[in-house]
Amino acid sequence: MTEWSDDPLSVRLARLPGAVPDENHRARVRARCHAALERRRARAAATKAAARSGWHAELTAAALVAIYVLAVLGDALSAYGLIGTGG
Amino acid sequence: MSRLRPAGVLTLVDRDTELALVERLRRGDTGAFDVVYDKYHARVFSFLARLSRRRDVAEDLAEETWLRLVSRCGHLRADTRLAPWLFTVARNLYASYCRARLLEDSHAANLIGLWPAGARPRSPFEETAANEADRRLEVALAELPATSREVLILVGIEGLTPAEAAVVCGVGPEAMRQRLSRARAQLARRLDAIPANRPKQLQEALS
């Protein structure tokens, strides 16, 4: 929009001074936003930790189940005399 | 509104820097937020102050704009343009504020009855414009209809491109071109109607 940028009225508008927000207000808004970002980070970290601990729990349960199944299988095989009892 | 930032100083960000800032914002980086806040807060505030003509309203809506950015930063698109994004949120918040106020006013009018409308409150900018020419321009701008005022503020004062302003206002480029042209003509007419070097008449127009 060349005709706009060359327009003397647009030049005058561009030169109008802008407002400076109150310094206390500026600081308060910044602090509120920082706090919100911090809460967001803490929530994300908690979610991540929960997901990680959930994965660990599942792995532990799977390992215990595998050990139990192997033990039952061993007992069954030795009961039928298919493997030695070692004694 | 006693403090004004220098005229014509727009703290624009180059595209690469902007993309990097958006990426960091998406991760919730406080440092990136500070950079964006320092660059855009005064502009968002000025935009809202000129739209609402009230400092307290502009402060509240600017605060809400920044809290929106923080709450949604994780969902920003990687190619987000920050200035249009922020001005869009600010404009939508102002529209919501106007709707709420209209509703409140209509309830109040129902309860108390109709009363004569008071004079338009003087814009904070009108009170502090540095010189007579600026003051006349602020008066003329403040008297424009909201749709005209917002395009002139976005393009003329805040330095957005007409395409960016079209995104902010939710219209197409051609509609924006027409709005801008119409707004410019309205502003010129209003300026002509405000007599120069006549302080008494100007005072009447301001009050």
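At what angle do the axes of helix 8 and helix 9 of chain B cross, and within what distance do they come? In this predicted model, the axes of helix 8 (residues 162-169) and helix 9 (residues 173-193) of chain B cross at roughly 100 degrees. They come within 9 Å. Helix 8 of chain B is therefore roughly perpendicular to helix 9 of chain B, since angles from 65 to 115 degrees fall in that class. Helix 8 of chain B contributes P162(B), A163(B), A165(B), A166(B) and C169(B) to the contact. Helix 9 of chain B answers with P173(B), M176(B), R177(B) and L180(B). By class, eight of these residues are nonpolar and one is charged. None is polar.

The loop between helix 8 and helix 9 of chain B holds G172(B). G172(B) counts as exposed because its C-beta neighbours inside 10 Å number 12, and the exposed class covers 12 or fewer. G172(B) lies ten residues from P162(B) in sequence. The C-alpha atoms of G172(B) and P162(B) are 9.9 Å apart in space.

The fold of chain B comes next. Chain B has ten helices and one strand. Along the sequence, the order of elements is β-α-α-α-α-α-α-α-α-α-α. Chain B has 207 residues, of which 34% count as buried. Contacts in chain B between residues at least 6 apart in sequence were also examined by separation. Of these contacts, 68% join residues at least 24 apart.

Helix 3 of chain B covers residues 55-72. Its 18 residues should span 26 Å at 1.5 Å a residue. Several residues of helix 3 of chain B are buried. They are A58(B), E59(B), L61(B), A62(B), E63(B), T65(B), W66(B), L69(B) and V70(B).

R53(B) sits in the loop between helix 2 and helix 3 of chain B. Its phi is positive, at about 60 degrees, although R53(B) is not a glycine. R53(B) has 19 C-beta neighbours inside 10 Å and so counts as partly exposed.

The interface between the chains involves 26 residues of chain A and 41 residues of chain B. On the chain A side, the elements giving two or more residues are helix 2 (8-14), strand 1 (18-19) and helix 3 (23-79). Helix 3 of chain A gives the most, with eleven residues. The side of chain A that touches chain B comprises 14 nonpolar, four polar and eight charged residues.

Two packed helices are described by the angle between their axes and the distance between the axes. For helix 3 of chain A and helix 2 (residues 30-52) of chain B, the axes cross at roughly 150 degrees. These axes come within 11 Å. Helix 3 of chain A is therefore roughly antiparallel to helix 2 of chain B, because angles over 145 degrees count as such. The crossing of these two helices is right-handed. From helix 3 of chain A, the contact draws on R26(A), R30(A), C33(A), H34(A) and L37(A). From helix 2 of chain B, the contact draws on T30(B), F33(B), Y37(B) and H41(B). The residues of this contact split into four nonpolar, three polar and two charged.

Technical notes: Residues are numbered from 1 along each chain as its sequence is written. Chains are lettered from A and ligands numbered from 1 in the order in which they are written. This is a predicted model: local features need pLDDT of at least 70, side-chain atom pairs count only at pLDDT 80 or more; totals for chains, interfaces and linings use all residues. Helices (H or I, at least four residues) and strands (E, at least two) are DSSP runs, numbered from the N terminus. The expected span of a helix is 1.5 Å times one less than its number of residues. A residue is buried if 20 or more other C-beta atoms lie within 10 Å of its own, exposed if 12 or fewer, and partly exposed in between; C-beta atoms are placed from the backbone. Two residues are in contact if their C-beta atoms, placed from the backbone, lie within 7 Å. Ala, Val, Leu, Ile, Met, Phe, Trp, Tyr, Cys and Pro count as nonpolar, Asp, Glu, Lys and Arg as charged, and the others, Gly among them, as polar. Axes are lines fitted to C-alpha atoms, for helices over the stretch in contact, and angles run from 0 to 180 degrees between N-to-C directions. Angles under 35 degrees count as roughly parallel, over 145 as roughly antiparallel, 65 to 115 as roughly perpendicular and the rest as oblique. A crossing is left-handed if the near helix is turned anticlockwise from the far one by less than a right angle, and right-handed if clockwise.
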